[in-house]
Amino acid sequence: MRFSCLLIMTLLSSVSAFAKTPVFEIEIRDHLFHPEELRIPANTKVKLIVHNRDSTPEEFESYELNREKVIMGGRKANVFIGPLAPGVYPYFGEFNPKTAQGRIIAE
Amino acid sequence: MLINSVILILREVLEAAMLVSVLLALSLNLRVGVRWFFAALVFGAIGTVVFAGSLEIVTDALDGAGQEVANAALQCLVYIFVVGILWLGTSATRSASRDKVLVILMACAVACAIIREGAEILIYIVGFSAVEEQRAAVYAGSSIGAGIGLSLGVLLFATLRALEETHAKTACLILVSLMATGMVMQSTMLLEQVDLLPSGNTLWDSSSLVSEQSIAGEVLYAVFGYESTPSVVQAGIYLACLVLCFVIGLYSSFRKGATRVS
């Protein structure tokens, strides 16, 4: 039992060490994204963790990134993006598109 | 807020309304009745409430991939049901049992589409009606958006009913194949989003031709799952699913010819 646990843990850690996906965090507060502009490495898969600090739900959406995900109030959600060619990729909150605007810059 | 609500609800309602219109027209065309639709509405509504109500748990499930997996499953199920509808809808041998299976498949496809689109609508309306100053705008905007979406559905239904019978049937089957295939492609995007499918390179960029943010792009997205920057995986799956629809449709019609001869 202990051995299998150890084996699983070793396997998991080797997988995550192998993947080495960089993690970036974005916050939604008062229907605004923080940071508004996020710089990520180009040509690399990246994991975004989007925290919704508002009490209302929000939908993280981007036409350029082909992403959409509903995030309930006070919750967080993971979104993988990339590998992206260098460039600017805007995203927005579909439930508050006027204020919730941000962009990802792959460089 | 008002105009946002109109657009948001319209986008969601349109997707389900188009599928409903085509399947209703098809079921009248095949003379299997439309009673299945009321069952689909009931199950769709129950499913919507359950899905929206448990979205927090669903989102955190499967290491944070639950929401995407659930939505992708709903969209792939619609495709599977539509493949069944194509098979039975084009076959010549009519029987009570065939009609029964056909209406069950139609009801299941519509119920899945309603849950997928309805959950987002419900979360939005419930979430923002809690905010006093936005409540009126959200209700009004959502009603207008839903009204426009449903009207477009009725328009498509009326158009399909106005066509000559055999043409209408072919049109319905082609439309429903394209819609369901578009859903599968959107589901591959969701699985890429949680790293369950590799997101390959972008195959082409047609956003300068038809932007997804334009009205044409939005309509194409809602009805056919239009994607201006598809990845290799998405395009491949789209093509494979569409080919499967046509092969099944053609094979089933070919068998019809064979039965007629014998």
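In this predicted model, chain B touches chain A through 21 of its residues, which are in contact with 18 residues of chain A. On the chain B side, the elements that give two or more residues are α1, α3 (55-64), α5 (96-129) and α7. Of these, α5(B) gives the most, with five residues. By class, this side of chain B has eight nonpolar, eight polar and five charged residues.

Helix α1 of chain B covers residues 2-29. Its 28 residues reach 39 Å from the first C-alpha to the last, close to the 40 Å expected at 1.5 Å a residue. The helix has a kink of about 25 degrees, centred on Leu14(B). Most of α1(B) is covered, with 23 of its 28 residues buried. After the helix comes Arg31(B), where phi is positive, near 55 degrees.

Within chain B, α1(B) also packs against helix α7(B), residues 165-193: the two axes come within 9 Å and cross at roughly 145 degrees. The crossing is left-handed. On the α1(B) side, the contact is made by Met18(B), Leu19(B), Val22(B), Leu23(B), Ala25(B), Leu26(B) and Asn29(B). They meet residues of α7(B), namely Glu165(B), Ala168(B), Lys169(B), Cys172(B), Leu175(B), Val176(B) and Met179(B). Taken by class, the residues of this contact comprise 11 nonpolar, one polar and two charged.

Notes. Residues are numbered from 1 along each chain as its sequence is written. Chains are lettered from A and ligands numbered from 1 in the order in which they are written. This is a predicted model: local features need pLDDT of at least 70, side-chain atom pairs count only at pLDDT 80 or more; totals for chains, interfaces and linings use all residues. Axes are lines fitted to C-alpha atoms, for helices over the stretch in contact, and angles run from 0 to 180 degrees between N-to-C directions. Helices (H or I, at least four residues) and strands (E, at least two) are DSSP runs, numbered from the N terminus. A crossing is left-handed if the near helix is turned anticlockwise from the far one by less than a right angle, and right-handed if clockwise. Two residues are in contact if their C-beta atoms, placed from the backbone, lie within 7 Å. Ala, Val, Leu, Ile, Met, Phe, Trp, Tyr, Cys and Pro count as nonpolar, Asp, Glu, Lys and Arg as charged, and the others, Gly among them, as polar. The expected span of a helix is 1.5 Å times one less than its number of residues. The bend at a residue is the angle between axes fitted to the seven residues ending there and the seven starting there. A residue is buried if 20 or more other C-beta atoms lie within 10 Å of its own, exposed if 12 or fewer, and partly exposed in between; C-beta atoms are placed from the backbone.
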